[in-house]
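Please keep the structure open while reading.

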Amino acid sequence: MGRLFGTDGVRGVANEGLTAELALGLSVAAAHVLGDAGAFDGHRPVAVVGRDPRASGEFLEAAVIAGLASAGVDVLRVGVLPTPAVAYLTGALGADLGVMLSASHNAMPDNGIKFLARGGHKLDDRIEDAIEAHYHRYREGAGEEWKRPTGAAVGRVREYTEGFDKYVAHLIGVLPNRLDGVKVVIDGAHGAAARVAPEAFARAGAEVVHTLGAEPTGLNINDGVGSTHLDKLRAAMTEHRADLGIALDGDADRCLAADADGNEVDGDQILAILAVAMREAGTLRGNTAVATVMSNLGFKLAMEREGIDLVQTAVGDRYVLEEMKQHGFALGGEQSGHVILLDHATTGDGTLTGLMLGARLAATKQPLADLAAVMTRLPQLLINVKGVDKSRVHSCPELTAAVAEAEAELGGTGRVLLRPSGTEPLVRVMVEAADQVQAKAVAERLAEVVRTYLG
């Protein structure tokens with residue numbers, strides 16, 4: 001049986017793989033495991049539960065709340081709010097755990113369950129494994145480890161309608177300056193921040209000249225809008241003569257941007273802009289930014305030129321966060337737009353990232369294109385080679401020789417990365433070079449070597 005928990009909670013097609021029974025059982029298991037681990041310290045536990053607007057979130061939310069309350073956990077139901085909002089409220093309200101129902105940037109039929117520990121932090125693998133093991137014992141009829149509470153001991157459920165304003169106030173409160181004079185287009189992906197993001201920007205002083213993806217129906221989340229579909233945002237930038245375009249994903253934990261001419265500003269460029277701003281403000285702890293090995297080589301070169309240290313991790317925002325927490329760094333993220341500002345958030349926060357970009361525009365009076373020019377994106381080509389023995393990527397002598405030859409050809413102006421997929425029988429071949437033609441030629445050559453010797 002495969003592991004239920006992935007890199008970002010439990011995901012699946014709602015009411016197929018991800019059922020109400022699974023949501024209820026996992027919630028009971030989470031309450032039991034966290035209680036046994038001493039997370040509740042003998043007091044009556046409280047959970048914050050939120051969701052994105054997916055239609056399936058309605059029944060999954062009901063199942064999660066039922067599971068928690070049946071295990072004696074009081075529930076604060078915050079409704080539709082971004083993942084970072086649920087994380088923030090879990091910490092700010094002193095709750096013992098948080099639960100977010102979302103499948104992030106996935107299409108509408110999918111959904112997911114993400115559990116958060118006290119303080120709004122992601123659960124570590126050990127706790128997730130224990131929750132999963134408890135769930136399987138329960139499902140297989142091995143009995144529950146706790147006696148079911150009855151009477152006054154069952155959990156109570158309360159609507160916490162103050163969550164929206166409390167979260168927005170938090171976002172405004174951590175900004176270094178107001179956004180007066182900045183014209184913004186916001187694409188909320190018909191998702192969890194469709195209301196939050198425009199409200200936060202307006203309260204921060206920006207002029208929200210146009211919104212996209214701001215009318216969630218429960219069925220249209222990420223449908224042609226958001227951070228995975230930038231065409232409409234890019235077109236709206238020139239049409240509305242805006243200074244800054246922001247594109248969020250379904251649960252608003254990531255952010256991509258567009259400049260006044262409709263050019264994309266990706267996560268690497270956003271990280272570079274914020275790293276320089278934080279260094280100038282004296283808030284870039286350790287004078288270090290954290291990114292993954294998939295970050296563009298242009299980002300690394302920019303950090304070297306700016307005198308900022310760079311630490312790179314495995315792919316995944318959880319690995320970026322682990323590195324940041326372990327060494328006390330304040331800024332990290334991914335090319336996909338997951339940006340973590342650890343002084344103000346425990347997870348990636350797309351709305352906060354966008355606000356910080358807006359604050360930088362307002363403070364410097366520079367166009368976003370000029371700020372993004374701190375780094376030059378080198379052409380990057382990624383080829384997924386399927387149906388191969390990914391376990392031999394680093395042990396095949398022919399492939400090792402081919403990679404060495406490619407690296408010699410690219411010299412200091414390019415980079416090669418071969419990475420086995422964590423979930424599929426494929427190898428990802430990524431090549432960066434000074435121009436697209438060279439990147440394509442080297443990547444295709446290496447992909448053919450992978451097919452020949454690992455097929």
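Which residues line the largest cavity?

1. The largest cavity. This is a predicted model. The lining of the largest cavity is made up of Phe 5, Thr 7, Asp 8, Gly 9, Lys 114, Phe 115, Lys 122, Leu 123, Glu 128 and Arg 318. By class, that lining has five charged, three nonpolar and two polar residues. The space inside the largest cavity is about 70 Å³. The structure holds four cavities of 30 Å³ or more.

2. The largest pocket. Its volume is about 1,300 Å³. The lining of the largest pocket counts 38 residues. Nearest the centre of this pocket lie Val 315, Gly 316, Glu 334, Ser 336 and Arg 419. The lining divides into 16 polar, 13 charged and nine nonpolar residues. Three elements each supply at least two lining residues: helix 10 (317–327), strand 16 (380–386) and strand 17 (415–420).

3. The annotated binding site. An unreviewed UniProt entry puts the annotation "binding site" on Ser 104, Asp 249, Asp 251 and Asp 253. These residues are spread over 150 residues of sequence, yet they cluster in space. The largest C-alpha distance among them is 7.8 Å. Of these residues, Ser 104 and Asp 253 are included in the lining of the largest pocket. Where in the fold is Ser 104? Ser 104 sits in the loop that runs between strand 4 (97–101) and strand 5 (110–117).

4. The second largest pocket. The volume here is about 300 Å³. The second largest pocket has 18 lining residues, and Pro 176, Met 278, Ala 281, Thr 283 and Met 356 lie nearest its centre. Helix 8 (267–281) and helix 11 (350–364) are the elements that give two or more residues to this lining. Helix 8 provides the largest share, with five residues. By class, the lining of the second largest pocket has twelve nonpolar residues, three polar and three charged.

5. Helix 8 against helix 9. Helix 8, which contributes to the second largest pocket, also packs beside another helix: its axis and that of helix 9 (residues 297–306) come within 10 Å. The two axes cross at roughly 15°. Angles under 35 degrees count as roughly parallel, so helix 8 and helix 9 are roughly parallel to each other. The crossing of helix 8 and helix 9 is right-handed.

6. Helix 5 against helix 6. At what angle do the axes of helix 5 and helix 6 cross? The axes of helix 5 (residues 163–173) and helix 6 (residues 196–203) cross at roughly 45°, and they come within 10 Å. That angle makes helix 5 oblique to helix 6. The crossing of helix 5 and helix 6 is right-handed.

7. The domain record. UniProt, in an unreviewed entry, lists residues 3–139, 166–262 and 266–376 for "domain: Alpha-D-phosphohexomutase alpha/beta/alpha". Over residues 3–139, the chain is 42% helix and 22% strand. The end C-alpha atoms of residues 3–139 are 15 Å apart. Over residues 166–262, the chain is 26% helix and 21% strand. The end C-alpha atoms of residues 166–262 are 33 Å apart.

Key: Residues numbered from 1 in each chain as written. Predicted model: local features only at pLDDT ≥ 70, side-chain atom pairs only at ≥ 80, totals over all residues. Heavy atoms only, no water. UniProt positions renumbered as here; feature names shortened; annotations may be inferred. Helix = DSSP H or I, 4+ residues; strand = E, 2+ residues; numbered from the N terminus. 1 Å grid on protein atoms, 1.4 Å probe; cavity = no way out; pocket = protein on both sides within 12 Å on 5 of 7 lines; lining within 4 Å. Points joined across faces, edges and corners; volume = space filled by probe spheres on them. Nonpolar A, V, L, I, M, F, W, Y, C, P; charged D, E, K, R; others polar. Axes fitted to C-alpha atoms, helices over the stretch in contact; angles between N-to-C directions. Parallel < 35°, antiparallel > 145°, perpendicular 65-115°, else oblique. Left-handed = near helix turned anticlockwise from the far one by under 90°.
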